[in-house]
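Keep the picture open and look up each residue as you meet it.

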Amino acid sequence: TSMTTAEEAALRVLDKIENGICDPQKRRELFASVIKTDIPSGEKIHLKRISDDRDIFLYGIFGYPCMHSKSPGIYNRLFADYGMPAHYTWFEHPDPGAFLQSLPNTGVRGLSVTIPHKEAILPYLDEIKHDAESIGAVNTVLIQEEEKFGFNTDWKGIYRPLEGTEGDTAVILGAGGAAAAAVYAVSMRGFTPVILNRNRDRAGHLARKTGAETGVLEDIGKFHPDLVINATPVGMGSDPNTPIPPSVLHPGMKVFDLVYTPRDTPLLQAALAAGCSVIPGTEMFIHQLAEQFRILTGIETPVFRLREMLA
Ligand code: NAP
């Protein structure tokens, strides 16, 4: 009731109870328009079961592509654990503006935003939180009374696992969205960031916003980092490569690989062999998700529970 009178708030609650939160026809149209790829069979059954229920809050991952995302499985297990009348699904669509325009009266209450929309979605939001604005990317959208609020929880996913990590220089490999979150996170932890990227201009562009030193990946030998964060996709899937040569790794260094499939990336294996301490990308995934779940639902879920689910 902070923005209204108690009576007005009570009337709105009554209206939701009597009329539901969304228009089922509009929701069906939304699903028909955005889902272009086959949905795994279990999901289809679930959607069919809830499609006429007006009072289920909907959430989803919005990207293009995003059908490979495991987030729906995790979110739906959390909703079940907490007994929430909510469902999380995939929204695969190429156009953030058109997609957001289709949302009113559908019951969609929040989104996880993924590639390639994290930056492109900004102009379509009503309010962007200060940290997301500084990073220049939004990965979480909360929708309340048709207003869309943008947050960035990626940086928290890097910041939190670095608790207790000390040092002066942090080298960030890459200059995309994850690197921008990493630069913000290490700065908040008191490190001086250095951005090394394949494309020097892109590193320069990111540095202009942050004042960080820049270079190409091959420059790693010039710096003596206490912390190295890989924010490139090198080492993902079956890629056997490391973004920097293993010879530059030495004991006392901490290596955080943001790539999380596989969990033990070639870089982390090389770092362990060189006597470094390591943080796997699954930790970023878990911590950014815990923060996102808190923003979208108000519930603080223990990270060990998410770690168990991911395992
Ligand atoms: P992005 O915006 O596309 O940026 C990718 C960066 O990687 C660019 O700087 C690019 O350099 C560089 N790069 C791409 N291929 C390369 C290669 N073969 N060799 C050297 N550099 C290369 O992607 P992003 O959103 O920042 O994500 C980057 C990675 O972070 C993802 O692949 C993912 O594995 C990881 N990530 C993890 C989480 C998590 O929860 N753990 C969350 C988000 C992202 P150029 O500028 O030269 O093209």
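Thr192 touches Asp168, Thr169 and Ala170, leaving out residues up to four places away in sequence; touching, or contact, means heavy atoms within 4.5 Å. This is a predicted model, in which local features need pLDDT of at least 70 and side-chain atom pairs count only at pLDDT 80 or more, while totals for chains, interfaces and linings use all residues. Residues are numbered from 1 along each chain as its sequence is written, and side-chain values use heavy atoms, with hydrogens and water left out.

**Around Thr192**
- Thr192 belongs to strand 8 (residues 192-196); helices (H or I, at least four residues) and strands (E, at least two) are DSSP runs, numbered from the N terminus.
- Thr192 and Gly211 are 19 residues apart along the chain, and their C-alpha atoms are separated by 9.6 Å.

**The open sheet**
- In what order do the 6 strands of the open sheet lie? The order is 2-1-3-5-6-4, with mixed pairing; two strands pair if DSSP finds at least two bridges between them.
- Strand 2 (86-92) and strand 4 (127-128) are the edge strands, each pairing on one side only.
- Strand 5 (residues 140-144) and strand 6 (residues 147-151) run antiparallel and are joined by 5 bridges.
- Thr140 stands opposite Phe151, which is in strand 6.
- Helix 4 (residues 71-81) packs on the sheet, where it touches strand 1 (57-63), strand 2 and strand 3 (108-113).
- The direction of helix 4 makes about 165° with that of strand 2; axes are lines fitted to C-alpha atoms, for helices over the stretch in contact, and angles run from 0 to 180 degrees between N-to-C directions.
- Helix 12 (residues 281-297) also packs on the sheet, touching strand 1, strand 3, strand 5 and strand 6, and its direction makes about 10° with that of strand 5.

**A closer look at helix 4**
- The buried residues of helix 4 include Ile74, Leu78 and Phe79; buried means under 20% relative accessible area, exposed over 50%, and partly exposed in between (1.4 Å probe, protein chains only).
- An α-helix has 3.6 residues a turn, so residues three or four places apart point the same way.
- Gly83 follows helix 4 and has a positive phi, near 65°.

**Asn152, in a loop**
- Asn152 sits in the loop between strand 6 and helix 8 (154-159).
- Is Asn152 buried or exposed? Asn152 is buried, and its relative accessible area is 4%.
- A polar atom of the Asn152 side chain lies 3.0 Å from the backbone oxygen of Ala137; a polar contact is a pair of N or O atoms within 3.5 Å, and within protein one must be able to donate a hydrogen and the other to accept it, with residues adjacent in sequence counting only if both atoms are side-chain atoms.
- The Asn152 side chain also reaches the backbone nitrogen of Trp155, at 3.2 Å.

**The ligand**
- How many residues surround the ligand? There are 21, and the closest are Ala175, Ala178, Asn197, Arg198 and Leu258; a residue is near a molecule if one of its heavy atoms lies within 4 Å of it.
- A polar backbone atom of Gly177 is 3.1 Å from an oxygen atom of the ligand.
- A nitrogen atom of the ligand lies 3.0 Å from a backbone N or O atom of Gly281.
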